[in-house]
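What follows is a walk through one protein model, taken part by part. Please keep the sequence and the 3D view open while reading.

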Amino acid sequence: MKLKIGLFGSKGKMGQAVSALANSERGIEIVARWDRVSDVTDASLKKVDVVVDFSGPAALVKLLPICGKLKIGLVTGTTGLSKNQEKLLKKAALKTPIIWAPNFGLGIRSLRESLGPLLKNFSPSEVIIEDIHHRYKKDAPSGTAKLLAETISKLKPRSTKLSPTVSIRGGEVFGVHRVYLLSDGEWILLEHQATDRKVFARGALLAAQWIKGRRPGLYTFDQVRKSARGHR
Ligand code: NAD
């Protein structure tokens, strides 16, 4: 049976990437497309197994109680949430399963995995994250830059200083993330470039397949990837 998806933020850049990819996937069907919270009626939601959201923080917080009420799983890639909006997300996850990931690509996950040994062995004096995105991106630093900062804060030696992220906005850049590991006399630069939004769309659809039938809770994309690896 096909997985029936309701897509919120369907006319946006990511919404269109998800739509295009879902059309070429045999096991997935988009049965509802919404771009306003008022369009998300109970009748349209009842056809849906999982909601996929790429909208904005204000829209997402309105969507949360709707998914919670009908206990429909939610996969959201929306970034730029305030602390209070994050609390609302956690509250909704008590009622329904939710995956919230600031980056649904595989590359950033691999980059994060490489950080542990590098920080330990190279022990840089400073680390600086840089994120470059298109001129329309609303949040800065990006959700991915925040995730990288969180990962580095957990793994870095005490002597390493993590500087504030540098965010550059302009042009039509899908997303570039750089991590500079700076030391006296030498430095290492890690760079990830997204060249097609379909990498995020693919991850979000994988997460949608994974979340169907799960118990309520706030899950991460790392958990989805781990079980996908386990099933190989
Ligand atoms: P976009 O501006 O192109 O599209 C946003 C869509 O959401 C639009 O269709 C808009 O109509 C709708 N929307 C926005 N605010 C709304 C509101 N208040 N009510 C109803 N609908 C609303 O943006 P985008 O580039 O597609 O990105 C969307 C979100 O996804 C952003 O937060 C972005 O940072 C994030 N993003 C996440 C990933 C990831 O892998 N997690 C990747 C790319 C983008």
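In this predicted model, Arg 178 and Glu 191 meet through their side chains in a salt bridge, with 2.5 Å from N to O. The pair links distant parts of the chain, since Arg 178 belongs to strand E9 (residues 175-183) and Glu 191 to strand E10 (residues 186-194), 13 residues apart. Glu 191 counts as partly exposed, at 36% relative accessibility.

Searching the whole structure gives eleven salt bridges. Side chains of opposite charge can pair when their charged atoms come close. One of these bridges joins Lys 69 to Asp 42, whose closest N and O atoms are 3.5 Å apart. Lys 69 lies in helix H3 and Asp 42 in helix H2 (residues 42-45), so this bridge ties together parts that are 27 residues apart in sequence. Lys 69 is exposed, its relative accessible area being 59%, while Asp 42, at 32%, is partly exposed.

Arg 109 pairs with Glu 113, and the closest N and O atoms are 2.8 Å apart. Both residues sit in helix H5 (residues 106-122), and because they are four residues apart there, about one helical turn separates them. Arg 109 is buried, with 9% relative accessibility; Glu 113 is partly exposed, with a relative accessible area of 40%. Through salt bridges that share partners, Arg 109, Arg 112, Glu 113 and Asp 222 form one network.

Next come the nonpolar parts. In soluble globular proteins, nonpolar side chains tend to be buried together. The largest nonpolar core here has 29 residues, and the members that touch the most others are Ile 5, Val 18, Val 52, Val 75, Ile 99 and Phe 104. Two or more residues each are given to this core by strands E1 (3-8), E2 (28-34) and E3 (50-53) and by helices H1 (13-23), H7 (198-211) and H8 (221-230). H7 supplies the largest share, eight residues. Apart from its neighbours within four places in sequence, Val 52 is in contact with Ile 5, Gly 6, Leu 7, Phe 8, Val 75, Ala 204 and Ala 208. There is also a second, separate core of 19 residues, with Leu 64, Ile 66, Ile 72 and Ile 98 among them.

Helix H4 can be read by its sides. Its buried residues are Gln 85, Glu 86, Leu 89 and Ala 92. Viewed down the axis of H4, these buried residues fall within an arc of 120°, so they line one face of the helix. Lys 83, Lys 87 and Lys 91 are exposed on the other side of H4. Among the elements that cover the buried residues of H4 are helix H3 (57-70), strand E4, strand E5 (97-100) and strand E11 (217-219).

Leu 89, in helix H4, is buried at 0% relative accessibility. Leaving aside neighbours within four places in sequence, Leu 89 contacts Leu 60, Leu 64, Thr 76, Leu 81, Ile 98, Trp 100 and Leu 218.

The loop between strand E4 (73-76) and helix H4 (83-92) holds Thr 79. Is Thr 79 buried or exposed? With a relative accessible area of 16%, Thr 79 is buried, because that value is under 20%. The side chain of Thr 79 makes a polar contact of 2.7 Å with the side chain of Asp 139. Beyond its neighbours within four places in sequence, Thr 79 is in contact with Pro 57, Pro 102, Lys 137, Asp 139 and Gly 143.

Definitions and conventions
Residues are numbered from 1 along each chain as its sequence is written. This is a predicted model: local features need pLDDT of at least 70, side-chain atom pairs count only at pLDDT 80 or more; totals for chains, interfaces and linings use all residues. Side-chain values use heavy atoms; hydrogens and water are left out. A nonpolar core is a set of buried Ala, Val, Leu, Ile, Met, Phe, Trp, Tyr and Cys residues joined through side-chain atoms within 4.5 Å. Buried means under 20% relative accessible area, exposed over 50%, partly exposed in between (1.4 Å probe, protein chains only). Contact means heavy atoms within 4.5 Å. A polar contact is a pair of N or O atoms within 3.5 Å; within protein, one must be able to donate a hydrogen and the other to accept it, and residues adjacent in sequence count only if both atoms are side-chain atoms. The arc is that of the directions from the helix axis to the C-beta atoms. A salt bridge is a side-chain nitrogen of Lys or Arg within 4 Å of a carboxyl oxygen of Asp or Glu.
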